[in-house]
Amino acid sequence: MQKKRIVILGAAGRDFHNFNTVYRGEDSCEVVAFTATQIPDIDGRMYPQELCGPGYPDGIPIVPESELEQVMAEKAVDLAVFAYSDVPYGYVMSLASRVNAAGADFALLSATDTQLKSNRPVVSVCAVRTGCGKSQTTRAVARVLQDMGKKVVAIRHPMPYGDLVKQRVQRFACLEDLAKHECTIEEMEEYEPHINTGVVVYAGVDYADILAEAEKEADVILWDGGNNDTSFYKPDVLITLVDPHRPGHEASYYPGETNLRMADCILVNKVDSAEAAGVDAVRASARRLNPGAVLLEAASPISVDDPSLIQGKRVLVVEDGPTLTHGEMKYGAGIVAARKYGAAEVVDPRPWVVDSIAETFQKYPGIGTLLPAMGYGEAQVRDLEKSIRSVDCDTVVIATPIDLGRILKIDKPSVRVRYDLQVIGKPDLSDVLSGI
């Protein structure tokens, strides 16, 4: 029987997981290529033979998504599987049209078909968009579980941008492990807050192997989702965040609506900084799309260590990179802090940014007057550092989950913005997690 020839459309994460769980070792099909987008510098590589299993002696090439039609023609592709997240429905269907026009079928694998079952209870934190507040929510969930006497191990959505064989299974228990595994800024932003609260974090490429290792030391597995992707593990409790700053997105981005419809608990975050109309809209949407879910509301109050460095100053606001880029957020905690503490001006960084940071603004022109903390590799980290040092401002307002001053040499006064989840009223997270 002739094998079905498949290309997986991805961004170095969900695509590899779909291959590992559905297609690896499957004799009836052959994955002939991955395509790559969203993340800089991941195309032009190989998914290595060591991770592919039998049947792929040379590995699987990773090519730019822009070359999709060419790859489909050269490889005689029968099926294209979409496998990345946080994209509007129009984008997905446009890509489906390209695939169909090139003579192949287009597929979206179900969340349940790619979920692995753990022998430990699993709490999954997902969202309808990037930037809803998953990180602060996972920290809050971890605290509740720890107060219940549980040993919590977090497993983070993949960000494997380096040597995929070396990154097959990664364990982070101390800050030194971040350097050991040559983490990018994006990775450090997700791992460091957990480490600082005593939670061991696993991540990598092969999430079956990762789960097996995490189960050895966990009472509860905490899935820390990325973008608005679905959980890689079958959850006992699924918490999905919605964002009142972006009403309507919960029903128009893939696969965020899937998370919303599958949720056991829907958490409306940022009610303290959003317009009442936005809160009402996402609350109504949640009740319409998933009336059986428990509905919680939460605030994300911010604080800074020295408000005087903001008041009356010309400030450069640095926000989380993915939230501003494919997350499309127009502002975050840094802007809220600048307004709250009376900044005289938010300085537009675009006249000063250099190299890959300038390219980011060209690719995502909607970012505006914020500086995304992009750091997908050492070169981009240095570009970010040079850009910050070049901007004419009084103070750098750092609204990323980690202290950039620990990684970059910042030659201006800087202030960190901190924010934590505060669930309002009852029921609360303790009630939602009481059965774990």
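Strand 17 (residues 302–304) and strand 22 (residues 414–419) pair in the antiparallel sense over three bridges. Within this pairing, Val304 stands opposite Val417 of strand 22. Strand 22 is also joined to strand 21, which runs parallel to it, by three bridges; the partner of Val396 there is Ser414 of strand 22. Two strands count as paired if DSSP finds at least two bridges between them. Helices (H or I, at least four residues) and strands (E, at least two) are DSSP runs numbered from the N terminus.

The model is predicted: local features need pLDDT of at least 70, side-chain atom pairs count only at pLDDT 80 or more, and totals for chains, interfaces and linings use all residues. Residues are numbered from 1 along each chain as its sequence is written, and side-chain values use heavy atoms, with hydrogens and water left out.

An open sheet of six strands has the order 3-4-2-1-5-7, with mixed pairing. Its edge strands, each pairing on one side only, are strand 3 (45–47) and strand 7 (105–108). From one strand to the next the twist averages 30°; axes are lines fitted to C-alpha atoms, for helices over the stretch in contact, and angles run from 0 to 180 degrees between N-to-C directions. Strand 2 (residues 29–36) and strand 4 (residues 60–64) run parallel and are joined by three bridges. Phe34 has Ile62 of strand 4 as its bridge partner. Helix 4 (residues 89–101) packs on the sheet, touching strand 1 (4–10), strand 5 (79–82) and strand 7, and its direction makes about 145° with that of strand 7. Contact here means heavy atoms within 4.5 Å.

**Nonpolar cores**

A nonpolar core is a set of buried Ala, Val, Leu, Ile, Met, Phe, Trp, Tyr and Cys residues joined through side-chain atoms within 4.5 Å. Buried means under 20% relative accessible area, exposed over 50%, and partly exposed in between (1.4 Å probe, protein chains only). The largest core has 128 residues, of which Phe19, Tyr47, Val123 and Ile155 touch the most other members. Not counting residues up to four places away in sequence, Phe19 touches residues including Ile8, Val31, Phe34, Tyr47 and Ile60. Another core, of 19 residues, lies apart from the largest one; among its members are Val7, Ala33, Leu68 and Tyr254.

Helix 13 and helix 14 pack at an angle of about 85°, with their axes 7 Å apart. Helix 13 is therefore roughly perpendicular to helix 14, a term for angles of 65 to 115 degrees (under 35 is roughly parallel, over 145 roughly antiparallel, and the rest oblique). Asp355, Ser356, Ile357 and Thr360 of helix 13 make the contact with Gln380, Asp383, Leu384 and Ser387 of helix 14.

**Backbone particulars**

Most residues other than glycine have a negative phi, and most peptide bonds are trans. The table lists the exceptions discussed here.

| Site | Feature | Value |
|---|---|---|
| Tyr254 and Pro255 | cis peptide bond | omega about -5° |
| Lys426 and Pro427 | cis peptide bond | omega about 0° |
| Asp86 | positive phi | phi about 65° |
| Lys270 | positive phi | phi about 65° |

Pro255 is found in the loop between strand 14 (253–254) and helix 9 (256–262). Asp86 counts as buried, at 2% relative accessibility, and Lys270 counts as buried at 11%.
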